[in-house]
Amino acid sequence: MGIATSLKQHLDSMGIAYIVTQHPYAEGSANTARSAKIPPQCMAKAVLFRDEDFNYTLAVLPASHKVKRHTINEIFDRHMELADEEETLELFGDCQFGAIPAVGMAYNIDVIWDDSLQDASYIWIEAGDHEHLIRLDVNSFTRLMDNSLHEHISTAQRYHPPPKQVPLSYYW
């Protein structure tokens with residue numbers, strides 16, 4: 001599939017320079033970053049929220065972080081909750097499920113992004129499928145997000161390494 005049509009049209013209409021890169025199939029932003037061999041703090045993941053009136057907001061944050069929903073609720077002074085699968089599929093119709101680009105403006109969705117993304121030299125975002133990413137330099141990313149709110153809306157996730165494999169002989 002490559003890059004989603006709506007996303008490509010939006011980037012091109014804004015004159016944003018980008019590079020499309022391919023990586024082995026992966027689902028989930030942390031897995032995608034690992035598969036593409038990029039630092040997870042440089043991978044912008046998109047999390048879709050809605051309020052009680054079904055107004056949608058896309059939170060954009062590093063793959064290495066998790067959203068502080070209470071902070072988003074305070075910023076908007078509304079009760080925000082995660083949108084469900086059907087809503088995501090409907091709003092991002094030209095994307096595979098779970099591969100939402102971090103560019104809500106291409107889909108007429110408001111965006112709030114995490115300030116920590118400004119610390120990276122390059123930002124990678126989903127291109128609309130599970131095998132392609134778009135690489136933007138940080139200046140292009142901030143230009144793309146120019147009319148969107150930004151704040152510290154996330155916190156770094158604790159990494160829990162997988163448990164060590166215990167040999168079967170241990171049990172016998």
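Visitor: How many bridges pair strand 7 with strand 8?

Guide: This is a predicted model. Strand 7 covers residues 122–126, and its pairing with strand 8 is antiparallel. The number of bridges between strand 7 and strand 8 is five.

Visitor: Which residue in the turn between strand 7 and strand 8 has a positive phi?

Guide: Strand 7 and strand 8 form a hairpin, with five residues between the two strands. In that turn, a phi of about 120° belongs to Gly-128.

Visitor: In strand 8, what is the bridge partner of Ile-19?

Guide: Strand 8 spans residues 132–137 and is also joined to strand 1, residues 19–22. The two run antiparallel, with four bridges between them. Within strand 8, Ile-19 has as its bridge partner Arg-135.

Visitor: Is Trp-124 buried or exposed?

Guide: Burial requires a relative accessible area under 20%. The value for Trp-124 is 13%, and therefore this residue counts as buried. Tyr-122, by contrast, has 35% and is therefore partly exposed. The class of Trp-124 is thus buried.

Visitor: How many aromatic pairs does the structure hold, and what is the angle between the planes of Phe-92 and Tyr-107?

Guide: The structure holds three aromatic pairs. In one of them, the rings of Phe-92 and Tyr-107 are tilted and lie 4.7 Å apart, centre to centre. Both residues are in the loop between helix 4 (85–91) and strand 6, 15 residues apart. The angle between the planes of Phe-92 and Tyr-107 is 50°.

Visitor: What is the centre-to-centre distance in the aromatic pair of Tyr-122 and Trp-124?

Guide: This pair is tilted, with 50° between the planes. From centre to centre, the distance is 6.3 Å.

Visitor: How many of the residues of strand 6 are buried?

Guide: Strand 6, residues 110–114, is mostly covered. Strand 3 (residues 56–62) runs parallel to strand 6, joined by four bridges, and Val-60 stands opposite Trp-113. Strand 9 (residues 149–151) is likewise parallel to strand 6, with three bridges. Of the five residues in strand 6, the number buried is four.

Visitor: In strand 9, which residue is the bridge partner of Asp-114?

Guide: Strand 9 is joined to strand 6 in the parallel sense. Within strand 9, the partner of Asp-114 is Glu-151.

Technical notes. Residues are numbered from 1 along each chain as its sequence is written. This is a predicted model: local features need pLDDT of at least 70, side-chain atom pairs count only at pLDDT 80 or more; totals for chains, interfaces and linings use all residues. Side-chain values use heavy atoms; hydrogens and water are left out. Two strands pair if DSSP finds at least two bridges between them. Buried means under 20% relative accessible area, exposed over 50%, partly exposed in between (1.4 Å probe, protein chains only). Rings of Phe, Tyr and Trp (its six-membered ring) pair if their centres lie within 6.5 Å; planes under 30 degrees apart count as stacked, over 60 as edge-to-face and the rest as tilted.
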